[in-house]
Amino acid sequence: MAADDRDTTIRRATRAAAIGFAVAIASAIGLVVVYVAGGHTQLEGLFLFAAFAGTTVGLVVWTKVLIAEPDLLEERPPMRSSQEDRAAFEHAYLEAREVRDPDIASRRRFLSRLLAGASASLALALGLPFFSLGAPPGGQLFRTNWERGSRVVDFAGRPVRADMVGPGGVITVFPEGHTGDGQSAALLIGIDFGRIVEGGITAETVPGIVCYSKVCTHAGCPVGLYREEAAELLCPCHQSKFAVYDNARPISGPTTRPLPQLPLGTDDAGFLVALGDFEAPVGPEFWNIQRGGRA
Ligand code: FES
């Protein structure tokens with residue numbers, strides 16, 4: 001191959017390998033960002049594929065074009081050369097090589113750094129699944145979308161007023177703007193204040209209503225059955241029962257944690273609003289493990 005052609009080939013190969021490694025780095029970073037932002041299976045898969053593909057393309061091009069040395073043949077005298085001749089040849093060879101590929105070393109350094117970056121990014125991205133073994137990042141287990149002033153809305157997104165929850169009535173509610181969010185789902189229950197046991201409802205609330213998380217504290221099923229006479233909420237998955245007039249204390253079943261309460265108030269228009277997030281983390285027995293309780 002002529003020297004000019006080879007230069008062009010090397011330049012193109014360098015560019016292709018660099019693009020491959022850059023794509024791998026960008027994809028691995030994208031994967032980390034998507035994972036930390038809450039995760040999206042399809043996007044994560046796409047980024048992982050692009051990271052592997054970029055690394056593969058970069059490595060293949062580099063190996064095939066940039067590392068492969070052209071054959072160099074030279075007629076040698078049949079007799080062993082003198083020490084001086086051999087030194088002179090070595091010198092001439094290295095000089096010729098430098099003239100032929102003046103910046104090959106810097107190209108290799110450049111690609112080596114990109115390859116190191118791509119490998120490190122990919123290793124970081126591939127390490128992310130280990131975080132799935134513990135709590136998700138961002139404190140998602142510690143809070144929900146309820147916050148002070150969140151309007152209470154039903155499944156259809158309609159604001160709920162206190163007088164819409166009659167005695168014994170149950171409405172599944174969400175914070176406005178987050179309808180359908182399972183972690184934030186709560187049960188508004190119309191209660192008889194006369195039946196509340198002493199200290200049985202600790203969250204601030206409005207007369208005739210109490211609000212509990214709908215997420216079972218055993219394994220996270222939705223607690224949906226309310227037996228008004230017994231004042232019990234029942235989780236259908238493993239039959240945990242919670243005492244509505246006693247801080248949703250577990251009465252029976254596998255769970256050991258009460259359902260967290262949501263503090264409630266009303267706004268100027270008489271609609272229910274949250275006065276903050278749930279009083280305790282919602283959801284399964286992760287919290288018991290954290291506190292050394294039984295799982
Ligand atoms: S998930 Fe509710 S009792 Fe198991």
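Modeller: Two strands are called paired if DSSP finds at least two bridges between them. The model here is a predicted one.

Biologist: What makes E2 and strand E3 a pair?

Modeller: Four bridges join E2 to E3 (residues 186-190), and the two run antiparallel. The criterion is at least two bridges, so E2 and E3 count as paired. In one of these bridges, Val 170 has Ile 189 in E3 as its partner.

Biologist: How do you know that E1 and strand E2 pair?

Modeller: Two bridges link E1 to E2 (residues 170-175), in the antiparallel sense. Val 153 stands opposite Phe 174 in E2.

Biologist: Why is E1 (152-153) counted as a strand?

Modeller: A strand is a DSSP run of at least two residues, and E1 covers 152-153, so the run qualifies. The protein has 10 strands and five helices.

Biologist: What is the order of the strands in the open sheet?

Modeller: The order of the four strands is E1-E2-E3-E4, with antiparallel pairing. E1 and strand E4 (209-213) stand at the edges because each has a single partner strand, which leaves one side of each without a neighbour in the sheet.

Biologist: What share of the protein is called buried, and by which cut-off?

Modeller: Buried residues make up 37% of the 295 residues; the term applies under 20% relative accessible area. The accessible surface of the protein comes to about 16600 Å², with 59% belonging to carbon and sulfur atoms.

Note on methods. Residues are numbered from 1 along each chain as its sequence is written. This is a predicted model: local features need pLDDT of at least 70, side-chain atom pairs count only at pLDDT 80 or more; totals for chains, interfaces and linings use all residues. Side-chain values use heavy atoms; hydrogens and water are left out. Buried means under 20% relative accessible area, exposed over 50%, partly exposed in between (1.4 Å probe, protein chains only). Accessible areas come from the Shrake-Rupley method with a 1.4 Å probe; for residues, only the protein chains shown count as cover.
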